[in-house]
Amino acid sequence: SFGSDTEFPLPDDAQNVTEVAGTVNYQTKLSLDDVMKFYRDAFASLGYTERELLTTVSDGVFSIVFDGHESGQAIVIQGVDLGDGSMNVNIRLEDV
């Protein structure tokens, strides 16, 4: 489906939101640090826990994993700096 009918929180400026097979993908003008802060704040407020051992940040790319989803699966969020002032962000549930 296309649009913002996703169970995952999205920043206000999320664009080109697509959801295919449970994976949400979008672009945002937020910086890498701001995207990570957005999800840390959003998921902490829902009682989810960051699996810090799996958090990686390098060269404009990040990956962050949260536990606590009712499905028992982990929420995996990955982002890459597109180099044009925007980030591409991908969110999905996964057995990690």
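The side chain of E50 makes a polar contact with the side chain of T55, at 2.6 Å in this predicted model. A second polar contact joins the side chain of E50 to the side chain of R40, at 2.8 Å. E50 lies in strand β3, which spans residues 49–50. The relative accessibility of E50 is 17%, so E50 counts as buried under the 20% limit.

The side chain of Q27 reaches the side chain of N88 at 2.4 Å. Q27 is placed in strand β2. At 17% relative accessibility, Q27 is also classed as buried.

Strand β2 covers residues 23–28. Most of the strand is covered, with 5 of its 6 residues buried. β2 pairs with two strands, β1 and β7. Strand β1 runs over residues 15–20 and pairs with β2 in the antiparallel sense, over 4 bridges. In this pairing, E19 stands opposite V24 of β2. The two strands form a hairpin with 2 residues between them. A21 sits in the turn and has a positive phi of about 50°. The pairing of β2 with β7 is antiparallel as well and runs over 5 bridges. Here T28 stands opposite M87 of β7. In a regular strand, side chains alternate between the two faces of the sheet.

Aromatic side chains form another group of contacts. A pair of aromatic rings is described by the distance of the centres and the angle of the planes. The structure holds 4 aromatic pairs. In one of them, the ring centres of Y39 and F43 are 5.7 Å apart and the planes meet at 25°, so the pair is stacked. The cut-off for stacking is an angle under 30 degrees. Y39 and F43 both belong to helix α1, residues 32–45. They are 4 residues apart, which means a separation of about one helical turn. Both residues, Y39 and F43, are buried.

F43 also pairs with Y48. Their ring centres lie 5.4 Å apart with planes at 15°, so this pair is stacked too. The relative accessible area of F43 is 1%, so F43 counts as buried. Y48 has 19% relative accessibility and counts as buried. The limit for this class is under 20%. Y39, F43 and Y48 belong to one aromatic cluster, together with F38 and F66.

V96 is located in the segment after β7, the strand of residues 87–94. The relative accessibility of V96 is 47%, so V96 counts as partly exposed.

Note on methods
Residues numbered from 1 in each chain as written. Predicted model: local features only at pLDDT ≥ 70, side-chain atom pairs only at ≥ 80, totals over all residues. Heavy atoms only, no water. Phe/Tyr/Trp six-rings, centres within 6.5 Å; stacked < 30°, edge-to-face > 60°. Buried < 20%, exposed > 50% of the residue type's maximum accessible area, 1.4 Å probe, protein only. Pairing = 2+ DSSP bridges. Polar contact = N/O pair within 3.5 Å; in protein donor to acceptor, adjacent residues only side chain to side chain.
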